[in-house]
Amino acid sequence: MEIHLNELIDQIKKDGVEAAEAQAKTIIDDANARAEKIIEDAKARAEKIIEDAKTENAKIVQSSEDSITQAGRNLLISFRQSVARELETVISEKVSAVYSSNALAEIIINALEGWAKNPDTDSLSVILNSDDLSRLEEALLSALKEKMLKGVTLKPNDNFDGGFRIAVNEGSAYYDYSTKAVVEMLSNYLSPKVTELLKKAE
C-alpha cells in the first residue's frame with residue numbers, strides 16, 4: 001500500500017511539474033511574442049519618426065533654399081533699381097549743366113539747321129522758358145542771322161524747367177528737347193545697356 005502511495009505521490013509530482021513546465025513555457029512564449037511585438041512596434045514607430053523627420057528636414061531645407069534664392073533675386077532687383085536711379089541722377093545733372101550753359105544756344109542752332117534742311121518745313125519756332133530766353137536771346141538772334149536761318153521765331157513758355165522745344169509749321173508738330181524729355185530718352189537708352197552689363201557680371 002505504501003508503495004502505491006509513493007508511486008501516486010511521485011506521479012502527482014511528475015504531473016504537477018510537467019503542468020508547471022508547460023504553463024511556464026506558455027507564459028514564456030507569450031512573453032516572448034509580446035516582447036517581439038513591442039520591439040516591432042517600437043521599430044516601426046522609430047522608423048516613422050525618422051521618416052517624418054527626414055521629410056520635415058527636406059521641407060525646411062527647400063524652404064530655406066527658396067528663401068535664399070528669393071532674397072538674392074530681391075537684392076539684385078533692388079540693386080538694379082538703385083543703379084537705374086543713380087544713372088538717371090547723373091544724366092539729369094549732366095543735361096542740366098549743359099542746358100544751363102551757353103552751349104544751349106549752339107545746340108538749338110544745330111537743331112534748327114537740321115530742321116531747316118527739310119523741304120516740308122515752312123516755319124520754325126523755338127520755345128524756351130523765360131529765363132533761358134532772356135539769357136540766350138541775343139546769342140540766338142546773332143547765330144540765326146549768321147546762319148541765314150529766316151522765319152525762326154523765339155517764344156517764351158514757362159511750362160518746363162530747362163531745355164527747349166521746336167514747333168514746326170506753326171505748331172503742326174512739336175519736338176521736345178526739354179531737360180525732362182532728354183533725361184528720360186537717355187535713361188531709356190542707357191538702362192538696358194547697364195542692365196545687360198549687370199547680367200554679364202552675375
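**Overview of the fold**

Modeller: Residues 24 or more positions apart supply 75% of the contacts (heavy atoms within 4.5 Å) in the protein chain with a separation of 6 or more. This is a predicted model, in which local features need pLDDT of at least 70 and side-chain atom pairs count only at pLDDT 80 or more, while totals for chains, interfaces and linings use all residues. Residues are numbered from 1 along each chain as its sequence is written, and side-chain values use heavy atoms, with hydrogens and water left out.

Colleague: Which pattern does the protein chain follow when read along the sequence?

Modeller: Helices (H or I, at least four residues) and strands (E, at least two) are DSSP runs, numbered from the N terminus. The protein chain has four helices and four strands. Read along the sequence, these elements give the pattern α-α-β-α-β-β-β-α.

Colleague: What percentage of the 202 residues of the protein chain counts as buried?

Modeller: Buried means under 20% relative accessible area, exposed over 50%, and partly exposed in between, with a 1.4 Å probe and protein chains only. For the 202 residues of the protein chain, the buried part comes to 20%.

**The sheet**

Colleague: In what order do the strands of the open sheet lie?

Modeller: Two strands pair if DSSP finds at least two bridges between them. β1 pairs with β2 (residues 152-156) in the parallel sense over five bridges, and with β3 in the antiparallel sense over four bridges. The pairing in this open sheet of four strands is mixed, and the order is β2-β1-β3-β4.

Colleague: Which strands stand at the edges, and why is one side of each left without a neighbour in the sheet?

Modeller: Each edge strand has a single partner strand, so one of its sides is without a neighbour in the sheet. The strands in this position are β2 and β4 (173-178).

Colleague: Which residue stands opposite isoleucine 127 in β3?

Modeller: On the β2 side, serine 125 has threonine 153 as its bridge partner, and valine 126 stands opposite leucine 154. In β3, the residue opposite isoleucine 127 is arginine 165.

Colleague: Which residues of β1 point the other way from Leu124, Val126 and Leu128?

Modeller: In a regular strand the side chains alternate between the two faces of the sheet. In β1, five of its five residues are buried. Leu124, Val126 and Leu128 point one way, and those that point the other way are Ser125 and Ile127.

Colleague: At about what angle does α2 run to β3?

Modeller: Axes are lines fitted to C-alpha atoms, for helices over the stretch in contact, and angles run from 0 to 180 degrees between N-to-C directions. α2 lies across β1, β2, β3 and β4, and its angle to β3 is about 20°.

Colleague: Which residues does leucine 112 touch?

Modeller: Residues up to four places away in sequence are not counted here. Leucine 112 then touches Leu124, Val126, Leu144, Leu149, Val152 and Ile166.

Colleague: How far apart in space are asparagine 157 and aspartate 131?

Modeller: Asparagine 157 lies in the loop between β2 and β3 and counts as partly exposed, because its relative accessibility is 25%. Asparagine 157 and aspartate 131 are 26 residues apart in sequence. In space, their C-alpha to C-alpha distance is 9.7 Å.

Colleague: Is methionine 148 buried or exposed?

Modeller: Methionine 148 lies in the loop between α3 and β2. Its phi is near 60°, a positive value in a residue other than glycine. With a relative accessible area of 64%, methionine 148 is exposed.
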